[in-house]
Amino acid sequence: MLELSATIHAQIVAHCLGGLPEEACGLLSGQLGGETVEGCYPARNAAASAKLYTVDPTDFVRADRHAQSHGLEIIGVFHSHTHTDAYPSPTDIAQAPDPAWHYVIVSLRQAEPSVRSYRIVEGTVTEEPVVQAADTGAEGRPQAAGPPGGRSGGAGR
Ligand SMILES: [Zn+2]
């Protein structure tokens, strides 16, 4: 199971829509081993591709540091599928780095984005339910400035 507040759900979907026509990606933080997402870190797709994603390493380090400074860990990653269903591609499965993570995929194939979550352990994909958590307002916005850099390669924010 993965619990997302309405705020975080909206942040994820907005970042995915903003990344079109390429795939967009970002990281999710929470308690180690937890199922509730406490923070959302939109990241650049270093692959700059419509078919695959690589979380920008600098954005990864920044998100990881921010989460740890709040007593949290990175517990998952999200990315968009621009023209396919919200199911992990063979590349997604091969590149899934951590069996403890939640792999959230947002399909933009239909007019209404669909958000689903999976565990990927040694190549085996298991879908888990996504449930809406109460919006406590406590999670705020880890990166007040939103997606860093934008499309034009501004790395020095
Ligand atoms: Zn994918």
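This report walks through the fold, the sheet, the core and a few individual residues of the structure above.

What you have here is a predicted model, so local features are described where pLDDT is at least 70, side-chain atom pairs count only at pLDDT 80 or more, and totals for chains, interfaces and linings use all residues. Residue numbers start from 1 along each chain as its sequence is written.

**Confidence**

The pLDDT is the predictor's confidence in each residue, from 0 to 100. For this protein the average is 89, and 86% of the residues score at least 70. Take care with residues 143-157, where the pLDDT is below 50. That stretch has 15 contacts in the model beyond near neighbours in sequence; a contact here means that the C-beta atoms of two residues, placed from the backbone, lie within 7 Å.

**Overall layout**

The protein has three helices and eight strands. Both kinds of element are DSSP runs, numbered from the N terminus: helices are H or I with at least four residues, and strands are E with at least two. Reading from the N terminus, the order is β-α-β-β-α-β-α-β-β-β-β. Among contacts between residues at least 6 apart in sequence, 64% join residues at least 24 apart.

**The sheet**

Six strands make an open sheet in the order β3-β2-β4-β5-β6-β7, with mixed pairing. Its edge strands are β3 and β7, each of which pairs on one side only. From one strand to the next, the twist averages 30 degrees. Two strands count as paired if DSSP finds at least two bridges between them.

Now for two of the pairings. Strand β2 and strand β4 (residues 73-81) are antiparallel over six bridges, and G30 stands opposite E73 in β4. Helix α2 (residues 57-69) packs on the sheet and touches β2, β3 and β4. The direction of α2 makes about 165 degrees with that of β3; axes are lines fitted to C-alpha atoms, for helices over the stretch in contact, and angles run from 0 to 180 degrees between N-to-C directions.

I120 has V125 in β7 as its bridge partner. These strands form a hairpin with two residues between them.

**The core**

Of the 157 residues, 34% count as buried. Buried means that 20 or more other C-beta atoms lie within 10 Å of the residue's own; 12 or fewer is exposed, in between is partly exposed, and the C-beta atoms are placed from the backbone. A nonpolar core is a set of buried Ala, Val, Leu, Ile, Met, Phe, Trp, Tyr and Cys residues joined through C-beta atoms within 7 Å.

The largest such core has 30 residues, and those with the most contacts inside it are L27, L28, V104 and V106. The elements that give two or more residues to this core are β1 (2-5), α1 (6-18), β2, β3, α2, β4, β5 (102-107) and β6. Leaving aside residues up to four places away in sequence, L27 touches Y41, A43, V55, F60, A63, I74 and V77.

**Loop residues to look at**

| Residue | Other C-beta atoms within 10 Å | Class |
|---|---|---|
| R44 | 26 | buried |
| A48 | 15 | partly exposed |
| Q31 | 12 | exposed |
| E122 | 7 | exposed |

R44 sits in the loop between β3 and α2.

Q31 is in the loop between β2 (25-30) and β3 (39-43). Its C-alpha atom is 9.5 Å from that of A67, although these residues are 36 residues apart along the chain. E122 belongs to the loop between β6 and β7, and its phi is near 50 degrees, a positive value in a residue other than glycine.

One peptide bond also deserves a look. The bond from L20 to P21 is cis, with omega near 5 degrees, and P21 lies in the loop between α1 and β2.
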